[in-house]
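Here is a short report on one protein chain. Keep the sequence and the 3D view open while you read.

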Amino acid sequence: MRNATKRKIEPQHGPQQNKKHSTKPPSRSQANPKPHEEYLDEKRNLEDLWREVFLVGTEWDQLDSVYQYKWNFSNLENAFEDGGFLHGKRVYLFGCTEPQQACFKDVEKVIFVPIIVAVVSPFPPSDKIGITSVQRENEEIIPMKQMKMDWIPYMPSKDRLKSQIFILSCTQRRAALKHLKLEQVKKYEYCLPYFYHPFKEDELEQSTEVQILFPTEPKPEFTNAVIQDEELSADQKDAFKEFVKERVREAKKANKEAREARRKAIEEMSEETKAAFENIRFYKFYPVQSPDAPDVSKKCEVINRYYGKAHEYL
């Protein structure tokens with residue numbers, strides 16, 4: 001992949017004049033202009049690919065701080081080139097950000113680093129999005145179209161690709177956020193790309209812990225904090241016990257239903273779909289080092305709680 005090319009730059013001419021009205025003959029230099037050579041930066045074919053991918057879960061007011069740097073994702077671009085491990089494959093891309101303490105031009109601060117995740121799969125990894133945070137009592141799994149997100153095909157501006165690329169896009173306009181309720185705006189910050197692997201037991205199915213938010217006044221509290229701080233009054237203790245028992249029963253029921261749904265999904269699955277799930281691959285791309293952006297020193301294989309770990313992170 002070339003970053004620059006050597007071209008001959010022809011002199012620019014204005015509109016040609018009618019020779020009948022030309023009274024002055026051209027000079028020798030005008031009659032035989034010499035082309036000059038210079039190096040021009042040539043834009044890479046997939047240089048803007050990462051910018052087209054929606055950065056899920058990033059606060060709206062932080063997006064400008066992400067795009068102020070010229071991040072280099074040539075590792076992602078090269079993966080689609082001839083000989084790359086994504087060449088000729090069907091790939092789904094989604095983005096997110098990770099806050100890191102980094103230094104750029106002698107200034108150290110917290111920077112939101114863009115991350116691109118590539119999913120190699122014959123079908124979309126999911127049509128749903130997860131909405132969860134430590135501030136929310138329950139997580140939501142909803143169709144991504146409710147958040148104006150969808151998988152759309154990506155067409156490069158230049159050369160045709162051997163790969164089929166689909167990117168997660170969001171059509172929600174930032175200018176229209178002021179017309180939304182604050183709760184709906186905050187939902188975008190709590191979004192996580194969702195993925196359900198029927199052959200892998202969900203971490204919640206395995207967990208014996210139950211997160212409980214007890215509705216005390218003046219503010220709700222997690223039960224462990226309530227117990228440790230002994231904040232319950234005498235008349236609240238019985239209500240608290242019943243509240244905990246009910247939440248545990250609900251959690252056990254939800255886990256049982258999830259296991260049953262997973263078992264049924266596997267039974268009804270075609271052999272082709274089973275093979276697709278077994279061969280699905282996740283790749284996590286960080287920006288490569290560049291003088292135009294902060295150096296990303298910290299990398300990890302974890303994508304999120306739904307996708308788990310990437311098969312490879314670069």
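## Ground rules

Helices (H or I, at least four residues) and strands (E, at least two) are DSSP runs, numbered from the N terminus. The chain has 9 helices and 15 strands.

This is a predicted model, where local features need pLDDT of at least 70 and side-chain atom pairs count only at pLDDT 80 or more, while totals for chains, interfaces and linings use all residues. Residues are numbered from 1 along each chain as its sequence is written, and side-chain values use heavy atoms, with hydrogens and water left out.

## The chain as a whole

How much of the chain is buried? Buried means under 20% relative accessible area, exposed means over 50%, and partly exposed lies in between (1.4 Å probe, protein chains only). Of the 314 residues, 37% are buried.

The chain exposes about 20800 Å². Carbon and sulfur atoms supply 48% of that area. Accessible areas come from the Shrake-Rupley method with a 1.4 Å probe; for residues, only the protein chains shown count as cover.

Now look at contacts, meaning heavy atoms within 4.5 Å. Take the contacts with a separation of 6 or more: 71% of them join residues 24 or more positions apart.

## The nonpolar core

In soluble globular proteins, nonpolar side chains tend to be buried together. A nonpolar core is a set of buried Ala, Val, Leu, Ile, Met, Phe, Trp, Tyr and Cys residues joined through side-chain atoms within 4.5 Å. The largest one here has 63 residues. Trp71, Leu86, Leu93 and Met149 have the most contacts inside it. Strand β4 (residues 107-120) gives the largest share of this core, 8 residues.

Which residues does Trp71 touch, leaving out those up to four places away in sequence? Its partners include Trp50, Val66 and the run Ile111, Phe112, Val113 and Pro114. Further along the sequence, Trp71 also touches Pro287, Ala293, Pro294 and Val296.

## A three-stranded sheet

Strands of a sheet pair through backbone hydrogen bonds, either parallel or antiparallel. Two strands pair if DSSP finds at least two bridges between them. In this model, 3 strands form an open sheet in the order β6-β5-β9, with antiparallel pairing. The edge strands are β6 and β9 (191-193), and each pairs on one side only. The twist averages 35 degrees from one strand to the next. For such angles, axes are lines fitted to C-alpha atoms, for helices over the stretch in contact, and angles run from 0 to 180 degrees between N-to-C directions.

Strand β5 (residues 128-131) pairs with β9 over 3 bridges. Strands β5 and β6 pair over 4 bridges. Gly130 takes part on both sides: Leu192 stands opposite it in β9, and Ile141 is its bridge partner in β6. Ile129 has Pro193 as its bridge partner in β9.

## Salt bridges

A salt bridge is a side-chain nitrogen of Lys or Arg within 4 Å of a carboxyl oxygen of Asp or Glu. How many does the structure hold? There are 7 salt bridges.

One of them joins Lys187 and Glu140, at 3.8 Å from N to O. This pair links distant parts of the chain, 47 residues apart: Lys187 is in helix α5 (residues 182-189), and Glu140 is in strand β6 (residues 140-143). Is Lys187 buried or exposed? Lys187 counts as buried because its relative accessibility is 14%. Glu140 has 26%, so Glu140 counts as partly exposed.

Another joins Lys128 and Asp127, at 3.4 Å from N to O. Lys128 is partly exposed, at 33% relative accessibility. A further salt bridge connects Asp150 with Lys145, where the closest N and O atoms are 3.9 Å apart. Asp150 is partly exposed at 31%, while Lys145 is exposed at 60%.

Most residues other than glycine have a negative phi, and most peptide bonds are trans. Lys148 has a positive phi, near 60 degrees. Where is Lys148? Lys148 sits in the loop between β6 and β7 (149-153). Its relative accessible area is 42%, so Lys148 is partly exposed.

Glu189 lies in helix α5. Glu189 counts as buried because its relative accessibility is 19%. Leaving out residues up to four places away in sequence, Glu189 touches Gly57 and Glu59.
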